[in-house]
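This briefing goes through selected local features of one protein chain. Please keep the sequence and the model at hand while reading.

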2 protein chains.
Amino acid sequence: MSSSGYRLAVVGATGAVGVEILRVLERRAFPVSSLRLLASERSAGKQLDFNNKPLTVEALNDKAFESIDIAFFSAGATRSRQFIPAAQAAGAVVIDNSSAFRMKPEIPLVVPEVNPQDLAQHAGLIANPNCSAAILCVPLRPLHDAAGLKRVVVSTYQSASGAGAQAMEELKEQVHSFVRGEKPVAKVFPHQIAFNVFSHNTAIAANGYNEEENKMIEETRKMLHLPGLEMLPTCIRVPVLRAHSESVVVETERPLSAAQARELLSRSPGIKVVDDVENNRFPMPLEASGDFDVLVGRIRQDLSRPNTLAFFVAGDQLLKGAAWNAVQIAEELVKRNLLRKS
Amino acid sequence: MSSSGYRLAVVGATGAVGVEILRVLERRAFPVSSLRLLASERSAGKQLDFNNKPLTVEALNDKAFESIDIAFFSAGATRSRQFIPAAQAAGAVVIDNSSAFRMKPEIPLVVPEVNPQDLAQHAGLIANPNCSAAILCVPLRPLHDAAGLKRVVVSTYQSASGAGAQAMEELKEQVHSFVRGEKPVAKVFPHQIAFNVFSHNTAIAANGYNEEENKMIEETRKMLHLPGLEMLPTCIRVPVLRAHSESVVVETERPLSAAQARELLSRSPGIKVVDDVENNRFPMPLEASGDFDVLVGRIRQDLSRPNTLAFFVAGDQLLKGAAWNAVQIAEELVKRNLLRKS
C-alpha cells in the first residue's frame with residue numbers, strides 16, 4: 001500500500017456491509033495507506049482480501065483506533081455506542097452505519113446527493129442513514145428542489161440483505177429446502193422469507209409504525225431539513241437477496257408533470273432513470289444489485305389529484321443503502337477537506 | 001353424482017384457476033348433478049379428478065353448453081368472447097373470470113361481500129373481477145359504509161399464480177436453476193421472477209398506468225358504485241406462488257380510528273384480521289394461501305393527515321381472486337334464486 005493515502009479501519013469487517021465496504025474502496029480506488037479490519041473476538045484471525053492481498057481481522061477493542069484517519073462502523077448500534085467514543089478520542093473521523101447516533105441533532109446524517117453541506121458541522125462522527133431512507137431521499141431531493149415536497153407515501157419491497165449476511169443465507173437455505181421438498185426453517189427472520197412477504201421484522205412502536213418505518217419518517221425529514229414533511233411508510237420484506245425497491249407517491253406544493261420529473265431525475269446525481277414503457281422495463285432489484293445508482297421509473301401522474309406523482313425505485317441495499325454511501329461520505333470529506341490533520 | 005344438483009361446465013378446466021374451481025366445488029359441497037370439463041384441443045382427453053372420480057376433459061366448442069345450468073369460464077378473454085354467446089344461447093348462466101365483459105355497464109361485476117345486489121340484474125352473464133381488485137374491495141366495502149371512501153393508494157405484491165400455472169412453474173424452475181448454480185431463464189414473464197420484483201407484466205396504457213392498474217381503478221369503482229373514487233394503484237410482481245398482498249392507504253370522508261376500523265373489519269364477511277403487534281404477525285401470502293378469507297392487518301392511522309388509514313392485506317389469488325369468488329357467485333345465485341329454470 002502506498003503511503004499517500006488515508007489510514008482506514010472497518011469495524012464489522014466480516015459482516016455483509018463490512019465486506020461491501022472493502023469492495024467499494026477497491027472499485028473507487030480510494031486512497032488507502034493502511035487498512036485495519038476489526039470484528040468480534042469470534043471473527044478475529046479470519047483473513048479477508050483487499051486489493052488481492054490478505055488482511056487478518058483483529059478483535060475490536062478501545063485501543064484499535066490509534067493512527068486511524070477514518071473508521072467505518074458497521075457492527076450494529078450496541079457496538080457503535082460502545083466503541084465510537086474511543087475511536088473519536090483517538091482522532092479518527094467515524095462514519096457510522098448504525099442507527100445509534102443518527103437522530104442526534106448535532107450529528108450530521110448524510111447522503112452526499114441529498115445534504116452534503118451538513119458534513120461541514122461534523123465533530124468526528126457522521127451517521128450513515130437507514131438503507132430505505134437513503135435510497136428514497138436520492139430522488140426526493142431534486143423533486144423537492146423543483147416543486148416543494150409536501151407528502152410522501154411509500155411502500156417498500158425490502159431484501160434480505162438489510163437483515164445481514166445470515167438473513168441472505170437463510171433465504172438461500174430456504175430455497176434449497178424447497179427444492180429438496182423439505183419445509184423451510186425460519187431462524188433469522190420470524191417468518192419464512194422464501195416465497196413469502198411480511199411486514200418488516202422490527203418491533204411496532206406505540207404510534208403503530210415499526211422501527212424501520214419510524215426511521216424512514218425521521219431520517220428523511222432530517223436529511224431533507226423538512227421536519228414537517230408528511231410521511232406514511234409501509235415497510236415489507238420480500239424474497240430478494242440484496243436490493244430494496246420502493247413504490248413512492250409524492251405530493252408537491254407546486255405542479256410538476258411526469259415528463260418534467262423524468263427529465264429532472266435523469267440529470268440528477270446518483271440516479272438512473274429506467275422507464276422503458278415499450279419494453280416493460282422498469283427498476284428491478286436484480287438490475288440495481290451491484291449498481292451505485294438508484295434506479296427510478298414508472299414515473300407518472302396521479303390521475304385524480306393534482307401535484308401528485310407516483311414512481312418506483314430500486315437501489316442496492318448494501319451499496320447506496322450502506323457501503324457505497326459510507327465510502328461516498330469519506331470521499332466527500334476528502335474533497336471538502338473535512339478530515340482531521342494527521 | 002346425484003340428480004339433485006346443478007349441471008356445471010368448467011371452461012379452462014386444466015388451467016390454474018380451473019383446477020381450483022373443482023377443488024372449491026368439492027370443499028363447499030356445491031350441489032352438482034353433472035360436471036363437464038372443457039379446455040383447448042391440446043388438453044382434450046386429459047383426466048381430472050372430481051370428488052375422487054376421474055372426469056375426461058372435452059374440447060371446447062359451441063355445442064358444449066347444452067343442458068348446462070352454470071358455466072364457469074376461465075380460459076382468457078379471447079375464448080370468453082368467442083364462446084360465451086353460445087353458452088348463453090344454450091341457456092347456461094355464465095360466470096366469467098376473464099376481463100372480456102367486466103366493464104360493460106349492463107354486466108354485473110360481483111364480489112359477494114361487496115355488491116351481491118348487482119346479481120339481480122344479470123342476463124345470463126356475471127363477470128368475476130380482477131384478482132387484485134377483488135381482494136382490495138373486501139376490506140374497502142365496510143370502510144366505505146362506515147366512513148365514506150374518498151381516495152385509495154395501493155401498492156401490490158402480486159404472486160406468480162396471477163399469470164397462470166406456467167408462471168408458477170417458471171418461478172419454481174428458476175429457483176431450481178439457482179440451486180443448481182445455473183442462470184434462471186425467463187420465458188413466461190418478461191423478467192426473472194425468482195429473487196426479483198418487477199412492475200406488472202401488462203402493457204402500459206396512454207394514461208401511464210399498466211392494464212392491471214387500470215383494471216384495479218375501473219373495477220373497484222364499478223363494484224363499489226363509486227365512479228369518482230380517487231384511485232392510485234402500483235402493481236408489482238413478487239416471487240410468491242399463489243397469494244397477492246397489497247399495501248393500502250385510504251382517505252375517508254369522515255373520521256374512523258384504527259381501533260374502530262379493526263373492530264369493524266373483524267366482524268365483516270370474508271375478512272380475518274391478523275394484527276398481532278406483540279408477535280409481529282401480520283397478513284402474509286403464505287398464510288393466506290388456501291384460505292377463502294382476505295387477511296387484513298397493520299391497521300394504523302396516518303400520523304400526519306386526518307381521516308387516513310393504512311393497512312396491509314393478503315388474499316389467495318386463485319381463491320378469493322378467482323375460483324372461490326366464482327363459486328361464491330354461483331352459491332349466491334342459488335340462494336337468491338337467480339338461476340334460470342331448467
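In β4(A), A:L55 is the bridge partner of A:L48. The model is a predicted one, in which local features need pLDDT of at least 70, side-chain atom pairs count only at pLDDT 80 or more, and totals for chains, interfaces and linings use all residues, while side-chain values use heavy atoms, with hydrogens and water left out. Residues are numbered from 1 along each chain as its sequence is written, and chains are lettered from A and ligands numbered from 1 in the order in which they are written.

**Hairpin**

- Strands β3 (residues 47-50) and β4 (residues 53-56) of chain A run antiparallel and are joined by 4 bridges; two strands pair if DSSP finds at least two bridges between them.
- β3(A) and β4(A) form a hairpin with 2 residues between them, and A:N51 in the turn has a positive phi of about 50°.
- Strands (E, at least two residues) and helices (H or I, at least four) are DSSP runs, numbered from the N terminus.

**Open sheet**

- Six strands of chain A form an open sheet with mixed pairing, in the order β11-β9-β13-β16-β15-β14.
- Its edge strands are β11 (230-234) and β14 (271-273) of chain A, each of which pairs on one side only.
- Neighbouring strands of this sheet are turned by 25° against each other on average, direction ignored, with axes being lines fitted to C-alpha atoms.
- Strand β15 (residues 294-301) and strand β16 (residues 308-316) of chain A run antiparallel, joined by 5 bridges.
- A:Q301 has A:L309 in β16(A) as its bridge partner.

**Helix α2**

- The 13 residues of helix α2 (residues 77-89) of chain A should span 18 Å at 1.5 Å a residue, and the end C-alpha atoms are 18 Å apart, which agrees; the expected span is 1.5 Å times one less than the number of residues.
- At A:F83 in α2(A) there is a kink of about 40°, shortly before the proline A:P85; the bend is the angle between axes fitted to the seven residues ending there and the seven starting there.
- Buried residues in α2(A) include A:A77, A:F83 and A:I84, and what covers the buried residues of α2(A) includes β6, β7 (93-96) and β8 (125-127) of chain A.

**Residue A:E66**

- A:E66 lies in the loop between β5 (58-59) and β6 (70-73) of chain A.
- A:E66 counts as exposed because its relative accessibility is 52%; exposed means over 50% relative accessible area, buried under 20% and partly exposed in between (1.4 Å probe, protein chains only).
- Neighbours within four places in sequence aside, A:E66 is in contact with A:R36 and A:A90, contact meaning heavy atoms within 4.5 Å.

Technical notes: Axes fitted to C-alpha atoms, helices over the stretch in contact; angles between N-to-C directions.
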